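Welcome to a short tour of a protein model. Keep the 3D view open beside the text, and find each part as we come to it.

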Amino acid sequence: MAAPVPVPLPQQQPPSFLLATLKADCVNKPFVQRCHDLETVIEEFPAKELHGIFPWLVESIFGSLDGIIVGWNLRCLQGRTDPTKYSMALDFLDPSGPMMKLVYKLQAEEYRYDFPVSYLPGPVKASIQEQVLPECSLYYNKVHFPSSGGLGLNLALNPFEYYMFYFAISLITQKNSPVTHHFSPSNSAYFVLVDTYLKCFLPTEGSVLPLPSSNPGGAIPSPTPRSPAVPFTSYGMHHTSLLKRHIAHQPSVNADPASQEIWRSETLLQIFVEMWLHHYSLEMYQKMQSPHVKESFKPTEEHVLVVRLLVKHLHAFSNSLKPEPLSPSAHSHTASPLEEFKRVVIPRFVQEKLYIFLQHCFGHWPLDASFRAVLEMWLSYLQPWRYAPEKPPQSTELLPRSVSEKWAAFVQENLLMYTKLFVGFLNRALRTDLGSPKNALMVFRVAKVFAQPNLAEMILKGEQLFLEPELGIPHRQHRLFMTPTLGGTFFSSWPQTITDASFKVKSHVYSLEGQDFQYKQMFGPEVRNSVLKLAQVICQAQQTAKSISDHSAETTGPSFFSWFRFTSSEMNGSYTGNDLDEIGQDSIKKTDEYLEKALEYLCQIFKLNEAQLTQMMMKCGTAQDENGKRQLPDCIESEDGLILTPLGRYQIINGLRRFEVQYQGDTELQPIRSYENATLVRLLFRLSSALNERFADQMDALCSREDFVGRICRYHLTNPQLAQKTRRGSAGRDRTGQNWGPRLSLRFLASYRTLLSLLLIYFTASWFHIGPVGCTFIILIGYFLYAVIMTFFSEGWKPHEH
C-alpha cells in the first residue's frame, strides 16, 4: 500500500491503478522517460482520473511542504551539470507545456484542492487562525474548515492556484535541500521558470497567453470573484468571525467578464508576493525594532535574488503601460483590464510588503558581502526608469543620465524607500570594514545611484511635501485610499485620483510607519552628520589600503640572501603579516577607486564643503605614523598600561586597527619556536648564561668605551634596556623593572635556518677542498669585516641579537 500524502486532502480519491503505476515509475524509470509517460497520461486520460494524481504529481515536482521530499530539486538543477534533465523539466513545466495543460484541464471541471494554512507565511497564518481575514483578496472565500475528525484549517484552491502555491513556496520550504556542487541561483531551472511565468502572465508586450479550450463549452471559467456579501476585514480593524464567511456558504456570483482576461495575472502576482514577501506584518515589523526579538523568518540570498527578478519585471510590466488618451471619455472606453492592472500593480500589491521586507533585511542581515543581493534588489526598485521602454540618445550614453521629471510622482509616493532605507544603509556602512573591496563596492553602488542628476532634488521635494503643515489626517484613514470596492474584481471601481501631492506623500508615510512616526529627514542635519562620519571612515579606509599597499612593497619579493639572515622580528615575536595574502594588489587598487568615487558622489548628493573634506582627509593622513602603518586602536593610558575604549574594541573586531603583537619579556626566555631546536636552545642558554655571569664586568667596561672597540662591542652585545624602551613605546610599560647589562646571546645558533645555512656553506667549501677548520676561519674573517663596516653606520641601530 502506498504511503499517504503528508498534506491532508479530504477530497482525494482512493488510490487508483494509475496513481500506483506512476509512483512505481518514479523508482524504476529514468527522468526523461517518466516525463514522456506523464505527457501521454495527461493527453489521454479524462479529468476525473487526473484529478486523483494531481496533488501527488505537484508534490513530486516541487517537494513536500515540510521539506522532507525534495522533488525535482529545481533550485539546484542547472543546464551545465545536467542539460538533459534541465531542458526536459523546463519543457514539461512551461506555460504551454504538459503540466499547465493538466492544470487547465482540471480547472475546466472546477476541482478544489486543500492547502494547509499552517504552511502559509507567519502573518497570514496568524491572522486566519485568529479568525481575521487577511487583506489580500487571494484568500477570499477559500478558508475551508476540516470535516469532522479533520485537523487544521485549509485553503480550498483551484488547480492553477494550487500549482502556483506549491511552486512559489518551494523556494522557502526547500532551502535546506542537499547541494553536491556550487551553483549559481540565477542559472537554475527554478529561476528560469520564475522569469518565464512572469513574462507569460505579466507580459510587457501584447496580452496574456489565452487559455486552451479543452472543454466542449469553450472557455475555461475563471475563479469566483469576490462577493459583495463578504465583508472586508483588515489588520487593526474589527475582527469578524470567519464562521460568517465559511467557504461552504459562499454565494454564487457570475464572473466579471473583465476578470476572464487577467485572473491568472492577478493570482500569480498575489501568490508570489504573499509567499516571498509577506513574512512580516506591520505590527510584527514594529515589534522587531527591538534587538532582543528573535527572527521568525530568515531569507536567503537566493530568495532575495528571486525577489529582485520579480521587482525588475514588475517595473518593466508597469512601464509598458500605454500613454493615457487626452480625452477622458476615450480612456474609459479603450483601457483594457490588463492596462488598468499595470497602473496599480506596484503601489497596490508590492509596495508595503516589499518595504517591510527590506526594512527587516537592512536591520538583521549579517554585516558581510552577501548583503549585496539585498542592496541590488533595493536599488532595482528605486530606479524604475532603468526598465522603461524609451532609450537615451546615443550621444549621451557616456554621460550620467538625468532622471526625468515624470518620475517625480514615483519618488514621492515611495519616499521612505529612498530616505529611511538610505539611513539604514548608512548605519550599516559605518559598521563595516570599508577596506574590503566588496564592502567598498556596495557604498560606491549606493552613492552612484543617489547621485544621478535630478534624483536628490526629487527626494528633497518629496520631503518638503511631507513636512508641509496640514490640518491632520484621521488615524489610519490612509487605508481607505488603497481599499477597492468589494463588488467584482479589484479594478471594477478605482479610487478617485488624489490630486494633492502633499497628501499623497503623507498618506504613503503614515500607511507604512503609523500616524505617530517621527520622520528623519535625509537632507537634515542628523543624517548629514552621519554622512560626514562615513566620509571620514572612507578616508581612513583609503589610508589603510595605502599603508597595506606600501607595506607590501617592502615585505614582498625578499632577496636570496635575506633567507639566510636571522631577522630581529623572529626574536621579538612581532606579527608582520597583513591582509594582502587574501586581498591582493589589484583588489586594493579597486577598493581605492570605489571609495574615491563614492566620496565624490556623496559630495554631489549632500553638497559637502570641499574645504571641510580636505581638512578631514589631511587629518586622516596625519593620523598614520611615520612608517605608514596603522594607528593603534583607541585606548586610554592607566597605571596598568593601555586600556581599550568601546571604540577601540569596535576597531579591533572589524579589523580597522590592531596592536603590533610583540614579545615583551626577556628575549632569552621567550617560548621555543617551531623553527628552533629545543635541545640546542636550552644548551646554548646555559652556555651564554655562564659566559655572561663570568664576564659581565668586562663586557660592561668594553661597551662603555667611546672608541671604535666600544662601538663594535655595543653592536654585538644585546642591550635589554634599549629593547625594553623600544617595546614600551607601542605596547605598554616595563613591568619587569630589571636592569640588565650588556650580554651575549647564542640562541640564534639553535635556529634550523642558521644550521642549514652553515651546513650549505661547509658543503660548498668542500667542493673547493677547504676543510672545516679553514671554512670556519673564513666565516669568522668574513663576518668580522662585515661587522666592522656595519659598525661605522649602525651606532644608532637597535641592538643586534647575536
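This is a predicted model: local features need pLDDT of at least 70, side-chain atom pairs count only at pLDDT 80 or more; totals for chains, interfaces and linings use all residues.

The axes of helix 11 (residues 301-319) and helix 14 (residues 372-382) come within 9 Å and cross at roughly 10 degrees. Because an angle under 35 degrees counts as roughly parallel, helix 11 and helix 14 are roughly parallel to each other. On the side of helix 11, the contact is made by Glu301, Val304, Leu305, Val307, Arg308, Val311, Lys312 and His315. Helix 14 answers with Ala373, Val374, Glu376, Met377, Ser380 and Tyr381. Sorted by class, this contact has eight nonpolar, two polar and four charged residues.

Now step back to the whole chain. The protein has 802 residues, and buried residues make up 47% of them. Its secondary structure comprises 30 helices and five strands.

Next comes the inside of the protein. The largest nonpolar core has 173 residues, and those with the most contacts inside it are Leu93, Tyr163, Trp276 and Trp378. Which helix gives the most to this core? That is helix 13 (residues 337-364), with 13 residues. A second, separate core has six residues, among them Met699, Cys703, Ile712 and Leu717.

Leaving aside its neighbours within four places in sequence, Leu93 is in contact with Ile61, Phe62, Trp72, Leu74, Met99, Met100, Tyr163, Leu193 and Tyr197.

Aromatic rings deserve a stop of their own. The structure holds 39 aromatic pairs, and two of them are set out here.

| Pair | Ring centres apart | Angle between planes | Arrangement |
|---|---|---|---|
| Phe160 and Trp263 | 5.4 Å | 75 degrees | edge-to-face |
| Phe167 and Phe272 | 6.1 Å | 40 degrees | tilted |

Why is the pair of Phe160 and Trp263 edge-to-face? The planes of their rings are at 75 degrees, and planes over 60 degrees apart count as edge-to-face. Phe160 lies in helix 7 (residues 159-173) and Trp263 in helix 9 (residues 257-276), so this pair ties together parts that are 103 residues apart in sequence.

Phe167 counts as buried at 0%, and Phe272 is buried with a relative accessible area of 0%.

Our last stop is Ser507, placed in helix 19 (residues 501-513). Ser507 is buried, because its relative accessible area is 11%. Ser507 and Glu413 are 94 residues apart in sequence, yet 8.6 Å apart in space, C-alpha to C-alpha.

Conventions. Residues are numbered from 1 along each chain as its sequence is written. Side-chain values use heavy atoms; hydrogens and water are left out. Helices (H or I, at least four residues) and strands (E, at least two) are DSSP runs, numbered from the N terminus. Buried means under 20% relative accessible area, exposed over 50%, partly exposed in between (1.4 Å probe, protein chains only). Axes are lines fitted to C-alpha atoms, for helices over the stretch in contact, and angles run from 0 to 180 degrees between N-to-C directions. Angles under 35 degrees count as roughly parallel, over 145 as roughly antiparallel, 65 to 115 as roughly perpendicular and the rest as oblique. Contact means heavy atoms within 4.5 Å. Ala, Val, Leu, Ile, Met, Phe, Trp, Tyr, Cys and Pro count as nonpolar, Asp, Glu, Lys and Arg as charged, and the others, Gly among them, as polar. A nonpolar core is a set of buried Ala, Val, Leu, Ile, Met, Phe, Trp, Tyr and Cys residues joined through side-chain atoms within 4.5 Å. Rings of Phe, Tyr and Trp (its six-membered ring) pair if their centres lie within 6.5 Å; planes under 30 degrees apart count as stacked, over 60 as edge-to-face and the rest as tilted.
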